[in-house]
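Hi,

Here is the structure I promised to pass on. Have a look at it first, and my notes follow below.

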Amino acid sequence: MSAIAAMVDARLVGNPDQVIGGLATLQDAGPGQLSFLSSSQYRKYLRSTRAGAVLLTESDAAEYGGNALIVANPYAAYARLSHRFDPKPLAVAGVHPTAVVAADAQIDPSASIGPGAVIESGARVGVETVVGAQCFVGARSTIGSGGWLAPRVSVYHDVHIGDRVVIQSGAVLGSEGFGFANDGGHWEKIAQIGGVSVGNDVEIGANTTIDRGALADTCIGDGVKLDNQIHIAHNVHIGDHTAIAACVGISGSTHIGRHCTIAGGVGMVGHIEICDNVFVTGMTMVTRSITEPGAYSSGTAMQPAVEWRKSAARFRQLDSLAKKVQQLEKELLAVTRDSHDSSES
């Protein structure tokens, strides 16, 4: 356990020779496993946990009698340690015999190109990057060093990906944006001649789609984290270290700032700007630019169906109710004016 403590700069309380062979929740951990407490709602399990050691803050450690690794941020320490126990198979450097690689593609000797992968003309794959089975990397696209593409990732032509980028299965980068011009009722397709630019240390979830730009690139900044099933339309810009949860839809030419958090199911109209340090709660519909940092929400919270139906009915009556209130205000003003005129006379 002392070696683990050194990895996360933790103060060790308890047995330094405790052997740790895995990670688990407080509820499920056994004597050979390490757990952590990062949320007060799980503190009730601390007394009964069988974990061999627990990552704790100073205040929580005071209530615990077992082996503890005391850190400022247990969840961050757990995140760093989790890679030590990751069972994901290690890729073997080299190009699999069934992969199809263009003669002028540049593949670093330390990179791994999996079975059935296709690397087109002019593409480049960097040092120790893994391109999984049946991935497609289009013409002139580049992938930096230390990246990992899970099986069946599609990277279209002229997409540029930075270092240490993780892309999960089914993700598509560089698909054509939804661009059409209406000509007398007929939709004329607009060629999407821009690309996609992805910064360093980005993670892109399964089945997430990032459209290429119509003219300039769609841009994803450094450290951005994208969950599964997100749609990012053409010419969107996402600032550094912004995190976006699943099922978010971002319309074209929207600019999102740095260090934003966009919760699940959010929708954003196009051609708006979101400033830095904005938190948008789940299922919010963002219809205009946000110019001040802070938390933003829309919609109504869950309530019993009977109550919701009553609220919905009243919501439909708001317009007529507002008109009635305006009329009553006019009548009250007229009565007040008449009363004032009478008193003066």
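**What I found**

Two strands count as paired here if DSSP finds at least two bridges between them. Helices (H or I, at least four residues) and strands (E, at least two) are DSSP runs, numbered from the N terminus.

Before going further, some housekeeping. This is a predicted model, with local features needing pLDDT of at least 70 and side-chain atom pairs counting only at pLDDT 80 or more, while totals for chains, interfaces and linings use all residues. Residues are numbered from 1 along each chain as its sequence is written, and side-chain values use heavy atoms, with hydrogens and water left out.

Back to β30 and β33: both belong to an open sheet of 10 strands with parallel pairing, in the order β7-β10-β13-β16-β19-β24-β27-β30-β33-β36. The edges are β7 (100–101) and β36 (285–286), which have a single partner strand each, so one side of each lacks a neighbour in the sheet.

Strand β2 (residues 22–23) is joined to β3 (residues 33–36) by 2 bridges, with Gly22 standing opposite Gln33. Strand β3 also pairs with β4 (residues 53–56), over 3 bridges and again in the parallel sense; there, Leu34 stands opposite Ala53.

As for the whole chain, the count is 5 helices and 37 strands. The radius of gyration (taken over C-alpha atoms) is 28 Å, well over the 20 Å from the globule rule for 345 residues, so the chain is more spread out than a compact globule. That rule is 2.2 Å times the number of residues to the power 0.38. Along the principal axes, the C-alpha atoms fill a box of roughly 100 × 70 × 35 Å. Of the 345 residues, 37% are buried, where buried means under 20% relative accessible area, exposed over 50% and partly exposed in between (1.4 Å probe, protein chains only). Among contacts (heavy atoms within 4.5 Å) between residues at least 6 apart in sequence, 16% join residues at least 24 apart.

The chain exposes about 19100 Å², and carbon and sulfur atoms supply 54% of that. These areas come from the Shrake-Rupley method with a 1.4 Å probe; for residues, only the protein chains shown count as cover. One surface feature to look at is a nonpolar patch of Phe315, Leu318, Leu321 and Val325, with about 400 Å² of accessible area together. Patch members have over 30% relative accessible area and no salt bridge; like charges are joined within 9 Å, and nonpolar side chains (Val, Leu, Ile, Met, Phe, Trp, Tyr) within 5 Å. A salt bridge is a side-chain nitrogen of Lys or Arg within 4 Å of a carboxyl oxygen of Asp or Glu. Helix α5 (residues 318–344) gives the most to the patch, with 3 residues, while Phe315 lies in α4 (residues 305–316) and is exposed at 61% relative accessible area.

Cheers
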